[in-house]
Amino acid sequence: MTDDVLNYSRPGPLTSLDSAQLRLIEGLPEDPVGVCAAVQGLVIQPADAAALGVPEDRISEKNIRPVDKLISALTALDPAPLHQPRTPETRVIGTCRHFATIACAILRARGIASRARCGFGTYFLKNRGVDHWITEYWDEDHNRWVRVDTEHLGKNYVDRPDDLAPDEFLTGGEAWLHYRNGLIDPALFGVAGTDHAWGPHEISGNAVRDLAALCKQETLNWDEWGRMTAAYEGKTGPDYDQLIDVVADTCAKDDPPALTRLFSHEDLAVPQHVLV
């Protein structure tokens, strides 16, 4: 974490808060898991919002990428400080990515090294890996990253959603390495509620999104760039698979200079229009 670009205790382009928003976080818990738990009272999934009769024009909130704009949308509904839970209909509409990234932004605002990670939860559907985002924070005492399922703290999917065990959540790169080593069936990894969004292309897509997140560009779940769309359409071949091998290996090594060098690759760098 010596590379300033990848200093995870500092905000990135999508995780910066303005001065007024910094005041709104003052009453939140001091510990990282407490912050993640508080975020549960700020976000609601689109399907849950629709079931409550939230106006359809608000569903587009799920397309907001920068956390400062998410907080602006949230406080337009209820200006209270963020430690005060909202009623469900006054929460900002978002996905697991929004839960994870808002928590990450708050932690970084406090100087706590944290990251949003894109990959697959293996505890939602039996024998399947489901598209999911979680939050990581750096535990100085134990010299390791701790993975927190921000959206599902307090639920019984796993014993410790505040400290996910190995293989309960696989990043896109980890899932890719498992696939390439014959440890998982890629057809069982994909997006819940769909029939088509399963398979190696879903894993490679999340590997690229996770690389972006490690480089502090936390895109939306459905953002596509580079050769991702071609991969989803089955139009890539062994050369792209080999590039994803490099992505997965580099993410696993977690070396900032190597990550930033790889992220400059024309097939991997996030276009500017995706960062607004």
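**Close-up 1. Strand β4 is largely enclosed by the rest of the structure, because ten of its eleven residues are buried.** Buried here stands for under 20% relative accessible area, exposed for over 50%, and partly exposed for what lies in between, with a 1.4 Å probe and protein chains only. The model is predicted, so that local features need pLDDT of at least 70 and side-chain atom pairs count only at pLDDT 80 or more, while totals for chains, interfaces and linings use all residues. Residues are numbered from 1 along each chain as its sequence is written, and side-chain values use heavy atoms, with hydrogens and water left out. Helices (H or I, at least four residues) and strands (E, at least two) are DSSP runs, numbered from the N terminus.

Close-up 2. Two strands are said to pair if DSSP finds at least two bridges between them. With β3, which covers residues 114-121, β4 pairs in the antiparallel sense over eight bridges, and in this pairing Arg 117 stands opposite Ile 134 of β4. Strand β7, made of residues 189-190, runs parallel to β4 and is joined to it by two bridges; here Val 130 has Gly 190 of β7 as its bridge partner.

**Close-up 3. Strands β4 and β5 form a hairpin with four residues between them.** Five bridges connect these two strands, which pair in the antiparallel sense. Along the pairing, Glu 136 stands opposite Arg 147 of β5, and Trp 138 has Trp 145 of β5 as its bridge partner. Strand β5 is itself mostly covered, since four of its five residues are buried. The loop between β4 (129-139) and β5 (144-148) holds Asn 143, whose phi is near 55°, a positive value in a residue other than glycine. Asn 143 is exposed, with a relative accessible area of 56%.

**Close-up 4. Helices α4 and α5 cross at roughly 105°.** Two packed helices are described by the angle between their axes and the distance between the axes. Axes are lines fitted to C-alpha atoms, for helices over the stretch in contact, and angles run from 0 to 180 degrees between N-to-C directions. The axes of α4 (residues 67-77) and α5 come within 10 Å, and the crossing makes α4 roughly perpendicular to α5; angles of 65 to 115 degrees count as roughly perpendicular, those under 35 as roughly parallel, those over 145 as roughly antiparallel, and the rest as oblique. Val 67, Leu 70 and Ile 71 of α4 make the contact together with Arg 97, His 98, Thr 101, Ile 102 and Ala 105 of α5, where contact means heavy atoms within 4.5 Å. By class, this contact has five nonpolar, two polar and one charged residues; Ala, Val, Leu, Ile, Met, Phe, Trp, Tyr, Cys and Pro count as nonpolar, Asp, Glu, Lys and Arg as charged, and the others, Gly among them, as polar.

**Close-up 5. Ala 105 is a buried residue, with a relative accessible area of 0%.** Ala 105 belongs to helix α5, which covers residues 96-109. Leaving aside neighbours within four places in sequence, Ala 105 is in contact with Thr 15, Leu 17 and Val 67. Although Ala 105 and Val 67 are 38 residues apart in sequence, they are 7.0 Å apart in space, C-alpha to C-alpha.

**Close-up 6. In the largest nonpolar core, which has 35 residues, Leu 211 and Leu 259 touch the most other members.** The elements that give two or more residues to this core are α6 (172-180), α7 (200-214), α8 (228-232), α9 (238-253) and α10 (256-263). A nonpolar core is a set of buried Ala, Val, Leu, Ile, Met, Phe, Trp, Tyr and Cys residues joined through side-chain atoms within 4.5 Å. Not counting residues up to four places away in sequence, Leu 211 touches Val 247, Cys 251, Leu 259, Leu 262, Phe 263 and Leu 268. A second, separate core of 29 residues includes Leu 24, Ala 38, Val 43 and Val 92.

**Close-up 7. Helix α9 contains Val 247, and Asp 254 lies in the loop between α9 and α10.** Val 247 is buried, with a relative accessible area of 0%, whereas Asp 254 counts as partly exposed at 25% relative accessibility. When neighbours within four places in sequence are left aside, Val 247 is in contact with Ala 207, Leu 211, Leu 262 and Leu 268. Asp 254 has a phi near 55°, which is a positive value in a residue other than glycine.
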